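Thanks for coming. Please have the sequence and the structure open while I talk.

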Amino acid sequence: MGFQRLGPLRIGNYILGETLGVGSFGKVKLASHQQTEHKVAVKILNRKKIRILDMIGKIKREIQNLKLFSHPHIIKLYEVITTPTDIFMVMEYVSGGELFDHIVKHGKFSEDVARSFFQQIISAVEYCHRHKIVHRDLKPENLLLDKNKNVKVADFGLSNIMMDGEFLKTSCGSPNYAAPEVISGKLYAGPEVDVWSCGVILYALLCGKLPFDDEYIPSLFKKIKKGIFVMPSYLSDAAQEILTSMLQVDPLKRATIAQIREHPWFNVDLPEYLKPHVDHNDSSRVDEEVLQVVCSKMSATAAEVSEALRSNIDNDPLKIAYNLVLDDKVMRMRARESKDLKGKITDPEVELMITRSIQRENAPGPLEVLPSVSTSMTGILDIL
């Protein structure tokens, strides 16, 4: 007698689907919220593997930092669900893959397209720094793209909290994108190392290659410490100027985020929502349209949803549903606003990658429900 297929798994309010990726201590699965049908990515972390690989600190930092953030170009963490064996991080789902793959397939971009990506990245990094967080591992592999070609900064496992008057010394990040002071083991404040990495990313977008590259690590470090790289003649004077300002070996001479924002090249066609002083985390404003959708989907009253939004409870189902629906609305609005950008990228292979859709599982049989506890962020850090 053969085994009977039980169908897809469910954890909390989410139906788990296909596996999107597999890492050294867990996997990421596509899932859908039962009530709103909004797609999410669920990062499944095996507790035993986390401890064996000594990744507890990395996971703690990622959860702490993502919980702080609410920005259109930073990956969003909706909630954390625990079981005796695993930790489930329910996160924003982005279907466009890594910016790294985008560059590899497409090669160099026009200055207009590269600038659009760069503006989103700088806005996200500025937001992190304003909240006293330095990423320390910015690279195209950690920059995801949604289906509308919007950047989402991910992987905050190496990030650290900036304290006034304190300097960091930890050498971390990827060698090709690491600042000279980092690979030299010198003290650094934090923001300046993210600026250097952003400069390397911008060069990769504009040139389709890295400014500092060598298979032999000591030779690579020597090139980075000297800060000598080839500046292609096809780049505009303004693009060359902003690159040079960011890839300064002396961190005191390196451009700041504020100076990058003031640069004329950066400000060409800068979207209104990416301009300074936009509050991306204004919880006092409730979207009435989204509110009505949540009331309908969750069989709740407007008062109940509003009360949930005002509460400090991280894992309130109504608050989570509201954020899911709001994100979907914002993404659709931004898609309409970015029609001009879509027309600038014509590589059919890239278009296929960005616009690919993942078919929903339609397996027969009842849902297999995993016993779970939806834990507050403070609680999950205690568990780790």
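This is a predicted model: local features need pLDDT of at least 70, side-chain atom pairs count only at pLDDT 80 or more; totals for chains, interfaces and linings use all residues.

Start with strand β5, residues 77-82. How many of its residues are buried? The count is 6 of 6, so β5 is mostly covered, with buried meaning under 20% relative accessible area. Its partner is strand β6, residues 86-92, and the two run antiparallel, paired over 5 bridges. To find the pairing on screen, look for T82, which sits opposite I87 in β6.

Next, the core. In soluble globular proteins, nonpolar side chains tend to be buried together. Here the largest nonpolar core has 70 residues. Which residues have the most contacts inside it? They are F118, L206 and I260. Helix α6, residues 191-207, gives the most to this core, with 12 residues. Take L206 as the example: leaving out residues up to four places away in sequence, L206 touches K108, F109, E111, A114, Y234, L235, A239, L243 and W265.

Last, K149. Find the loop between β8 (143-145) and β9 (151-153); K149 is in that loop. Is K149 buried or exposed? K149 counts as buried, because its relative accessibility is 1%, and the cut-off for buried is under 20%. Now find V94, which is 55 residues away from K149 along the chain. The C-alpha atoms of K149 and V94 are 9.7 Å apart.

That is the end of my part.

Definitions and conventions. Residues are numbered from 1 along each chain as its sequence is written. Side-chain values use heavy atoms; hydrogens and water are left out. Helices (H or I, at least four residues) and strands (E, at least two) are DSSP runs, numbered from the N terminus. Buried means under 20% relative accessible area, exposed over 50%, partly exposed in between (1.4 Å probe, protein chains only). A nonpolar core is a set of buried Ala, Val, Leu, Ile, Met, Phe, Trp, Tyr and Cys residues joined through side-chain atoms within 4.5 Å. Contact means heavy atoms within 4.5 Å. Two strands pair if DSSP finds at least two bridges between them.
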